[in-house]
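Please read them beside the coordinates.

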Amino acid sequence: MAAQAPQEGSKGGETSPDAVDAYDVELCAWRSNVGVPRARFKPGQMSVESTALIVDAESIRKTYRNGSTEIVAVEAASLCLKAGEFVALTGPSGCGKSTLLNMLACVEVPTAGVLRIAGRATGSLGDDELTSLRRTAIGYVFQFFNLMPMLTVRENVALPLLLSGWARRRIRPAVAAALQAVGLRDQAEQRPATLSGGQQQRAAIARAIIHSPKLVLADEPTGNLDTRTGTDVLTLLRRMQRDRDLTVLMATHNADAAHAADRIIRMRDGKIEAH
Amino acid sequence: MRLTPPTASSACATARSKLTDEVSAAAFPALFRALVLRHVVAHRARTLVTVASVAIGVAVSVAIGLANASAIASFSGSAAALSPGTTVEVLPLGVGIPEKALRQVQELPGVRSASPVVAGTVSDAAGQSAYDLVGVDLIGALGLASSTAGPGVPSSGEIDADTRILRRGEIVISRRVAARLHARLGTPLKFVAGARAVTLTVGAVIDDAALPFGWRSIIICDISTAQEVLDRIGLLDRMDVVGAPQADDQTLRRELARVLPNVRIAAPDERARQLTKMTQAFQFNLAALAAIALLVGAYLVFNAVSMSVVQRRSEIGVARALGAARSTVFGVFLLEGVLVGVVGSAFGLVLGRLLARKALAVVSSTIDALYTTDSASQIAPTPEPYIAAAVLGVAFCLIASLLPALEAASVPPTLAMRIGSWESSQPLPGLLLVMAAIAAFGAAVLLAQLKPLDGRPVFGYASAIAVIAGCSLLAAPLLALIAKVARTCLPATAGAALRLVPANVQGRVRRNAVAIASLMVGIAMTVSVATLIASFRETVNTWIDETLRGDLYIAPAGAVNAADVTMPDDVLSRLRALPQVAAADALRSRAIVLRGRPTNLAASDIEVTSAFGNLPLLGGARWSNVSRELIDQPAVLVSEPFARKFAMATGARFDLQTPNGDVRLRVAGVYRDYASDLGYILMDRTRYIRLFGDRRINAVALYAKPGASISALRAATLRVFGHNVVRLTANGELHEEALAQFDRTFAVTYALNGIALVISLLGIASALGAVVIERRHEIGVLRCLGMTRRQVATMIVAEAALLGAVGAALGLVAGYALAVILVFVINRQAFGWTIAFVATPLYDLKLYLVAVATAALAGALPARAAARLPLAETVRAE
């Protein structure tokens, strides 16, 4: 497990929350297709070009306490993901993949180490700032889809934009385009429970990418699907990543899925074994 | 064709099912522990709220049941015959039974003994508390008591233990009364009896336990003392006759009727039965209100068990997949409801016993005010109210858990193992629910048309329950509709948190419908009872305004509440002679029995009443016509409750027993009256005196001359009577007193109503808390997608407020429907009154806002908790 080289252009996480929003919008060429204003870039702030590393983790560690026993879930993991990379994270069950993914998704806070997501050090961020980061810079694809059962597919896909405060008239074309992209245009008004597993995961992918996040984290996205559907979903995810120049980290057990990635990171017993 | 043995496959299936049953039966305790007990312990707060709500419902039922039973026990006790083995009681029709009749009765061959009784009411010197004074033939009674043990007057030994045989002017009191009057042996006590001051000396103090149940608050004295104090010289109020062993009841009655033609002969328990009957409508209504508190509690049990099923769905799935039979799963969840019922009832019984004294005080004061002075001050040691409340408590819980238990048993294992998808994937049978609701409303309308059962508005209450059932059935489709409309109509400016609210509500429409149904019941109850009381109060207020025309009312000092305290009428001429007085109306009113039912006979100077008073006549009758008929012919007016209960309209004729034989009277008109639900027969006082020979009066209404000073009139009146023996009440004071009495009477109703409302608010709080727990995972996912803590909190509080708003709105509608049933069906059947419907929009609006605010507040707490849920943990729940 090698320590990563210092990141180019990193400002040590000193950027303001606005900076993320600004270059987030700037980065997203896809949004221009659906009529999103291109730039709110503020001079003097960090630009996309200067942040080639989307994920920069230095010796991050996660431990849990079970009574008096300390359980180490992730041990001094260091990794970098460059913009536009598609990386697979493999390893046996319980090796810490999901915990690592959760830390990168800002769902869990590392016990130790330094983590920068899209150039921002997460250690000093409060809950609101972490939430803002999740909302704008991160997309998450769950193994069990986690679509809201009471919302239609269209509403589920629109959620990240709704949470970001987009106006309804802007959300509608964006969702339509995303659903078109994942092939679910005809199922837009259906409830998740009426869809097949593959269709639900497509909807989940649409939801994860609709806001053009810097980073898409996928936790066993094919784990709950049959081989053929899994392959389809993987192909879709790969296509989306290429089309939109996304950075994807996908945790998977599936060797075939892993080999579709640009790079594989292996984990065992909470440690990163190889890149 | 050869028949193949049908047993091959079916036997296999039977064996498999048998095996499953056996496995399930053995697994029942383990399943119960896993699916219910752990869950119940894990959600302690909600379990506590549910158990507490059942406990409160049961407690209220026990308390009211005990208070009612104690009141009845007290009637029976105080009305118990003096001598053990009394066969019949001889009661006067007029002013009293002449004393000399006692000897005639005692000499009858079929009579073993006859004991005289003189009874009346005295008040303490301050005129605040009334006591029943009972005069008995102590010498005779002692002779009897020495030969026969059992209830009745204390035996000679008990009296002798403290003192000696009573002298004239001496009384026997219980230790309880002695303590209340601060009296000891030999203490002279001042009383007021019939507008006269009397002094009685304590001649004996007896242990309460030595007296029968209802006798512990009365004053006992020798018959001659009672006759003197109560102005009954030479008269008896009752004779308790014990038949000879060989004489049969009918022969004895015939013999008595032969020697005493102008008396009423009654069974010894008749008075107790009459008193019980008098108060039955009042008591039945209290019991019904108490049961409603329990009904609201049952909604909470339904809610709790439903929630338990929802949260355990994956575990149920696993259990079913591993071979647990549907019946086992059903049984496990049914047992949860029953256990809540058992534990809640156990606490409720204890709490109910503690509350019973308070309830009895309230019930007794109402009964005192409206019906009799005989009501209880002690809780009767009777098990029935406990058993009834406990059975009701457990039964309600069992019924409440039936549906959720069925739901648990019917969820297929495959679906059960998925989280959150079950309810959302099940279409709501909206049309079916609406149809069922319409059917329930139809049933309510039909039930409201039915006549009461034995004077009890049973079908009226059934109609009310049908309305509640209909509105409960409407809750889910209505909520779904509102959520659907809100989903499309929400303004574009609404934030993400608010935009998700209708979807969330719609997604869990059944669960939410249960929560709002319990709130609906509480609000409906409160609104309907408030409307009934407001309608009643306004009607009574108007009626008092119309009818109370006298300037000053005079009553003997002891005439508190319903006691029959009288004064001689010789004061009338002196009052009429006062320079300030334009007219004086002498009023007499006493309880009688007509056709075996208790009612009241009243008399006034009709000429004065028609000229100065204003009794509102129904059906367009005119006083000018009616008053002539009342004075000249054997005719009477009857009050509205009388007309309704005895089914008599203007023109009807009936026979009234008098000391001079039966007299046929014609109903000349019906008047509106709210003084007694037992009804009144009103006749001219001259006719009353002629028929009954009773010149006593209960009160005098003085009408002042124009311009006369009321204070001067008051001073002049006091000079006629002397101080402290009469109570003078000016018009305005009497009006206020009447309304204050009204409010006291309905205090218990308000209290019961308040309890139902609190339980329902607790219900919505607990339901919302449970919904948040149920949605942990979903909230976690939303937080992952970037929803802030503030947005989570806003969303949950807004949902709670929306549920509160819909539940309370439904409650208002149901409340008005119930109010219509209460005012026009239940009240009319129970009491016989016509009440104008008066809505209370301001009160209802306040109640609505309180309900919505409470719901929002109830949502705020779990919202805070939800916003702080550890994210990774909730997401990991998958």
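1. A cavity here is a set of points, on a 1 Å grid over the protein atoms alone, where a 1.4 Å probe fits but cannot get out, and lining residues have an atom within 4 Å of a point. Grid points are joined across faces, edges and corners, and a volume is the space filled by probe spheres set on the points. With these terms, a search of the whole structure returns six cavities of 30 Å³ or more.

2. This is a predicted model, in which local features need pLDDT of at least 70 and side-chain atom pairs count only at pLDDT 80 or more, while totals for chains, interfaces and linings use all residues. Residues are numbered from 1 along each chain as its sequence is written, chains are lettered from A in the order in which they are written, and side-chain values use heavy atoms, with hydrogens and water left out.

3. The largest cavity holds about 150 Å³ of space. It is lined by 15 residues, of which Gly194(B), Leu230(B), Arg232(B), Thr566(B) and Arg696(B) are the closest to its centre. The lining comprises six nonpolar, four polar and five charged residues, where Ala, Val, Leu, Ile, Met, Phe, Trp, Tyr, Cys and Pro count as nonpolar, Asp, Glu, Lys and Arg as charged, and the others, Gly among them, as polar. Because domain 2 (83–268) and domain 4 (558–724) of chain B both give residues to this lining, the cavity lies between them; the domain bounds come from an automatic or database domain assignment.

4. The second largest cavity has about 100 Å³ of space, and among its lining residues are His39(B), His43(B), Arg46(B) and Glu336(B). Helices H1 (7–42), H2 (44–78) and H12 (326–370) of chain B each supply at least two lining residues, helices being DSSP runs (H or I, at least four residues) numbered from the N terminus. H2(B) gives the largest share, four residues.

5. Which chains bury about 2800 Å² between them? They are chain B and chain A, with 59% of that area on carbon and sulfur atoms; buried area is the accessible area (1.4 Å probe) that two parts lose on being put together, summed over both. The contact (heavy atoms within 4.5 Å) takes 32 residues from chain B and 27 residues from chain A.

6. Three salt bridges (a side-chain nitrogen of Lys or Arg within 4 Å of a carboxyl oxygen of Asp or Glu) are counted between chain B and chain A. Arg487(B) forms a salt bridge with Glu155(A), with the closest N and O atoms 2.5 Å apart.

How values were computed
1 Å grid on protein atoms, 1.4 Å probe; cavity = no way out; pocket = protein on both sides within 12 Å on 5 of 7 lines; lining within 4 Å.
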